[in-house]
Protein chains: 2
Amino acid sequence: MFEKTTRMNFLIDIYDSLLTEKQRSYVSLYYLEDLSLGEIAEEYEVSRQAVYDNIKRTEAVLENYEEKLGVLKKYQEREQLIERLERRLQEEQVLDNEVAGLLQQLKNMD
Amino acid sequence: MFEKTTRMNFLIDIYDSLLTEKQRSYVSLYYLEDLSLGEIAEEYEVSRQAVYDNIKRTEAVLENYEEKLGVLKKYQEREQLIERLERRLQEEQVLDNEVAGLLQQLKNMD
């Protein structure tokens, strides 16, 4: 019904604290735990259409936050820079444990 | 009246797109352009108390976003890591133009 995307997984991960409990439950079950619309509808005793509509609205809410704050976009840009830096330091043969550890921490921070 | 803080300047910079137009105007004039409450009240033809109350509420809104999303906190943690990396690479004498440029881009990205 929706295209289950990595992008939506990222957006949920970043902005889920700004969602209502119901919004968070539905999109998490659908995108993160890969349940079907029918399975979620059954669990919450609502119609499949109600689940679909709620998820569709939540997607728009998440995209709206991303448009305003751009946390995912900046994360992806940083990832690219860190990888370029990593390659460059590998070439220079200075990627010792400490430097590699700092780069890894930078990556994990997002 | 408030303590005009660097922290609030950062929070406005990060989250201002989530504020209403009035909220954004008042806190920007107060924190970023350093106008007094009285000056803002005069400009908008409202009471000084109204400006104060609005700014106080907006501060809480901004702190609430930061508590939920932690963009500033992560930014500060990344800054520290980047500085440690920079010092380490300086010691190793591999901070050439390209590496320094990549680190600078990483810093500027936030």
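Accessible areas here come from the Shrake-Rupley method with a 1.4 Å probe, and for residues only the protein chains shown count as cover. On that basis chain A exposes about 6,400 Å², and carbon and sulfur atoms supply 41% of that area.

Some housekeeping. This is a predicted model, where local features need pLDDT of at least 70 and side-chain atom pairs count only at pLDDT 80 or more, while totals for chains, interfaces and linings use all residues. Residues are numbered from 1 along each chain as its sequence is written, chains are lettered from A and ligands numbered from 1 in the order in which they are written, and side-chain values use heavy atoms, with hydrogens and water left out.

Chain A first. Its secondary structure is six helices and zero strands, where helices (H or I, at least four residues) and strands (E, at least two) are DSSP runs, numbered from the N terminus. The C-alpha atoms fill a box of roughly 60 × 25 × 20 Å along the principal axes.

Now the interior. Buried residues, meaning under 20% relative accessible area with a 1.4 Å probe and protein chains only, make up 43% of the 110 residues in chain A.

Next, helix 5 of chain B, residues 71-91.

Terms used: The expected span of a helix is 1.5 Å times one less than its number of residues. Buried means under 20% relative accessible area, exposed over 50%, partly exposed in between (1.4 Å probe, protein chains only).
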